[in-house]
There are 2 protein chains.
Amino acid sequence: MKIHLITVGDEILIGQVVDTNSAWMARQLNLAGASISGISSVGDHEEDIRSTLKEALGQADAVLMTGGLGPTKDDITKKTLAAFFGVELEFHQPTYARIVRFFERLGRKTTEGHRQQCFMPTNATLLPNKMGTAPGMWFEHNGKIVVSMPGVPYEMEYLMEHEVIPRLKRFFPGFPIAHRTILTAGEGESRVAEQLEELEDELPPHIKLAYLPNLGQVRLRLSGSLPDEVQLNRQLDEFAQKIVDKLGALVFGFETDSLEAAIGRILKERGKMLVTAESCTGGYLAHLITSVPGSSDYFKGSLIAYSNEVKMKQLDVSPQTLDTYGAVSEQTVREMVRGALKLLEADVAIAVSGIAGPGGGTQEKPVGTIWMAVGDEHEVLTRRIYAGKDRLKNIEYSSTHALNFIRQFLLKEREAKA
Amino acid sequence: MKIHLITVGDEILIGQVVDTNSAWMARQLNLAGASISGISSVGDHEEDIRSTLKEALGQADAVLMTGGLGPTKDDITKKTLAAFFGVELEFHQPTYARIVRFFERLGRKTTEGHRQQCFMPTNATLLPNKMGTAPGMWFEHNGKIVVSMPGVPYEMEYLMEHEVIPRLKRFFPGFPIAHRTILTAGEGESRVAEQLEELEDELPPHIKLAYLPNLGQVRLRLSGSLPDEVQLNRQLDEFAQKIVDKLGALVFGFETDSLEAAIGRILKERGKMLVTAESCTGGYLAHLITSVPGSSDYFKGSLIAYSNEVKMKQLDVSPQTLDTYGAVSEQTVREMVRGALKLLEADVAIAVSGIAGPGGGTQEKPVGTIWMAVGDEHEVLTRRIYAGKDRLKNIEYSSTHALNFIRQFLLKEREAKA
C-alpha cells in the first residue's frame with residue numbers, strides 16, 4: 001500500500017514548527033507494511049489543500065492529512081474536504097455532547113468555536129479521539145482512502161495507533177511483514193555492528209537488519225516479509241535469539257521496552273528501593289524513572305541539589321570536597337550517593353553532576369564533562385563521560401547513560417552473589 | 001515571491017530522519033520576504049522527483065531542492081534535472097580540481113564517486129560550496145528559478161546564506177513579509193479567540209492571525225505582507241500591542257520565549273530562590289526549570305517525594321493529613337510547600353501531587369486529578385486541575401500548568417506590593 005502524507009498549517013510553511021509528525025507517521029506506517037510515496041506540507045489555504053490532495057490521490061492508495069481541525073477561524077481542512085468530496089457539513093450531536101462533557105469536567109464552558117467543530121462532512125466516518133476535542137475523519141473515495149487528523153502530536157499518535165493503522169491494514173491486506181526489535185545500551189553503533197558481522201552474512205535475503213542509534217542506545221530491527229507468516233515469525237525469532245546470545249548483557253529489552261522499565265523490573269524482583277541525587281540532570285533522570293507506570297513500587301524519590309548549599313546541607317557533601325575537587329568530580333558524586341542513601345533511606349542510589357552548558361566550562365573540565373556514581377551500602381562505582389556541547393542533549397544523554405549505569409550495577413551485584 | 005521546497009531522500013520517507021532543513025529554509029526565506037507555497041519530500045526516484053518538480057514549478061516562482069547530490073547516491077537529482085531541462089551533463093574541471101585539493105589537505109585521495117560528482121548540467125550556474133564537495137546549482141527556466149543544494153544541513157545553510165538568498169532577492173525584488181508571535185498561558189484556544197474576536201475583525205486583509213495551541217499554552221502569530229516595510233512593521237507592532245492589552249497577564253512572552261525562562265527572569269529580578277516538591281510530576285517540573293541556561297541563579301533544587309514516607313520524613317507532611325485527606329489533596333500539597341521552603345531554605349516553593357495513571361484512580365479522585373500549591377513564608381495558594389488519562393501527558397500538562405501557577409503567584413505578589 002502506497003501512502004502520501006499531507007501536513008496542513010501555515011506554521012510549517014513559515015518554519016515556526018518542524019514537521020515531526022510526518023517522520024513519526026512514516027516510521028509507524030513502514031512498520032505496518034506501507035510505503036510512503038511522498039510528503040507534502042501546505043498552508044491553511046483551500047485551493048492549495050485541494051490541489052495537493054488531488055495530486056496525492058493520483059499517486060497513492062491512501063492520503064493521511066494532519067492539521068487544520070481546531071476551533072479557530074484559520075482551521076479550514078474540514079470545509080475543504082467537504083467541498084472536495086461534494087458533500088455538506090452536518091452538525092454531529094454526539095461529538096458536541098462529548099465536548100460539553102469534556103469541558104464540564106474541567107469546570108469550563110464550551111464556546112461557539114467548539115460548536116463549529118462539530119459540523120462534519122456527511123460522508124466521513126468519525127474516529128473517536130480520546131486525547132482531544134476534534135475527532136479524526138475517515139473517507140472512502142473511489143477505492144482510495146483519505147484520513148484527516150488533528151495536528152497535535154499526541155492526538156495524531158493516539159488516532160494512528162488505535163484507529164487509522166488497524167483500519168488501513170483491514171482495507172489493504174497484503175504480504176505479511178513482521179519485525180523484531182532488540183534494544184541495546186552501552187556500546188555505539190559500529191561496535192555493535194562489528195559483533196554482528198558474521199550473523200548479518202547469514203541472514204536470508206528476505207530479512208533485513210537495521211541499526212537505529214539514539215542517545216547511547218542502539219535499537220536493532222529485524223524486518224522480514226514472506227508469504228508464509230508462520231515460517232517468517234519462526235525465522236525472525238531464531239535470528240533475534242542469535243543476536244541476544246551474541247550481545248549478552250548489552251541487550252536490555254525488546255520492542256517498545258525502555259531502560260527505565262528494565263531497571264524497574266530488576267529492582268522490583270529484588271524488592272529494592274532506588275533514589276537519585278541530581279545536579280546537572282536537574283530532575284530529568286527521576287522523570288525518566290517515574291515515567292514508568294507503577295514506578296512508586298521501587299522508586300522512593302530524589303534530591304535535586306542544584307546549588308552547592310543543598311549538596312552540603314541535605315546530602316552531606318563536605319565543603320572540603322567541593323573546595324578541593326569541585327562540584328563536578330568523582331569525590332563529589334561519591335559523597336552524593338552516600339548522602340542520598342542516608343537522607344532518603346534507600347537501598348540503591350545514583351548521583352550525577354556535570355557541566356551541562358552553555359556556561360561553566362573550563363580548560364580542564366569543558367562543557368559536557370559529567371561525573372556519575374551508583375552504589376549501595378557496600379560499594380560505590382563511579383564513571384566520567386563526555387557528552388556534547390548542547391545543554392538539552394547533555395541532560396538527556398547523561399540521564400540515559402545513568403540509567404544504564406544503574407542497570408550494570410544491579411547486574412554485577414547479581415553476578416557477585418551467584 | 002512564492003517558493004516551493006523539495007527535499008529528496010528515502011531516509012525521510014521511512015521516517016529515519018526528521019526534515020529540519022525545510023523549517024530552517026522556510027524561516028530564512030520568510031525573513032527575506034518570500035512566502036513558501038508548499039513543501040514536498042520525495043524519495044530517490046527519478047520519476048517522483050520529476051513530477052513533483054513539474055507540479056511545484058506550476059505553482060511557485062522558484063523551487064529550492066535539497067538532497068541527492070552526494071557521491072554515493074548516483075547523482076540522481078543532477079541526472080534528473082538535466083533530463084528535465086533537456087540538457088547534457090558536462091565534466092567541470094575547476095570543481096574537480098577543488099575537490100582534489102580539498103582531499104589532499106585531509107591527506108586522502110579522491111574516488112571515482114568524486115569524479116562523477118563533477119559532471120554538471122550544461123545550463124547550471126554553479127554556486128561555490130565552501131563547506132563540502134558538491135556545489136549548489138542555479139537554473140533559470142522560463143522566467144522561474146530552480147536551485148539544487150546538498151542535503152547536509154551546514155552545507156545547505158552556507159549556500160542559502162551566501163548564494164541563494166542574495167540571488168533570489170535580486171531576481172525577485174518584492175514584498176517584505178513580517179511576523180510577530182505572542183505567547184500566552186492559562187486559557188485554551190477558544191477562550192483566547194473569544195477575547196480577540198473584535199480585534200480580528202479590525203485586522204486589515206494583509207495581516208493574518210493564527211492560533212497555535214500546545215499543552216495549556218496558546219501561541220498567537222500575526223503575519224503580514226506589504227510593499228512598505230516600515231508601515232508593515234508599525235502595524236504589526238500596533239496589533240501585537242493591542243493583543244497584549246486585551247489579554248493582560250495571559251501573555252508571558254514573545255517569539256521563542258518559554259514559560260520557564262519567563263519565571264526565571266521574574267525570580268532573578270527579585271533575587272528570589274525557587275524550589276519544587278514533586279510527587280506525580282516526578283522531576284519533570286524541575287527538568288523544565290533547569291533546561292534554561294543559568295537557572296542555578298534562581299533555582300536551588302527539589303525534593304521528589306514519590307513515597308509517602310519521604311513526604312512525611314523530609315517534607316514534614318503529617319501522617320494525619322495523609323490518613324485523612326490522602327496524598328492527592330489540598331492539605332498535602334499545602335504542607336509539602338511549607339516543608340520544601342524549610343528543608344531547602346528557599347523563598348518560593350511549588351508542590352504537585354496527583355494521579356498520573358494509569359493506576360491509582362478512584363471514583364472520587366479519577367486518574368488525571370492533580371493538586372498543586374505555590375507559596376512563600378506569608379501565603380500559600382492551591383489549585384486542583386483535571387488533566388487527562390495518559391500518564392506522560394498528565395505529567396507534561398501538570399508541569400506546564402505548575403509553571404504558569406508560579407508565574408501567577410509571582411505577579412500577584414508584585415501587584416499586592418504596588
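Two residues are in contact here if their C-beta atoms, placed from the backbone, lie within 7 Å. The model is predicted, and the tour starts where its two chains meet.

Select chains A and B together. By that cut-off, 62 residues of chain A are in contact with 66 residues of chain B. On chain A, the elements that give two or more residues to this side include the helices H1 (10-13), H2 (20-31) and H3 (46-59), along with strand E2 (35-42). Colour E14(A) separately: with seven residues, E14(A) gives the most to the side of chain A that touches chain B. Colouring that side by class shows 26 nonpolar, 24 polar and twelve charged residues.

Next, select residues 35-42 in both chains. E2(A) pairs with E2 of chain B in the antiparallel sense, over three bridges. To see one partner pair, pick Ser41(A), whose bridge partner in E2(B) is Ile39(B).

Now move to two helices within chain A: H13 (residues 308-315) and H15 (residues 330-343). Their axes lie 9 Å apart, and the helices pack at an angle of about 50 degrees. H13(A) is therefore oblique to H15(A).

Show side chains where the two helices meet. From H13(A), select Lys311(A), Gln314(A) and Leu315(A).

Conventions. Residues numbered from 1 in each chain as written. Chains lettered and ligands numbered in written order. Predicted model: local features only at pLDDT ≥ 70, side-chain atom pairs only at ≥ 80, totals over all residues. Helix = DSSP H or I, 4+ residues; strand = E, 2+ residues; numbered from the N terminus. Nonpolar A, V, L, I, M, F, W, Y, C, P; charged D, E, K, R; others polar. Pairing = 2+ DSSP bridges. Axes fitted to C-alpha atoms, helices over the stretch in contact; angles between N-to-C directions. Parallel < 35°, antiparallel > 145°, perpendicular 65-115°, else oblique.
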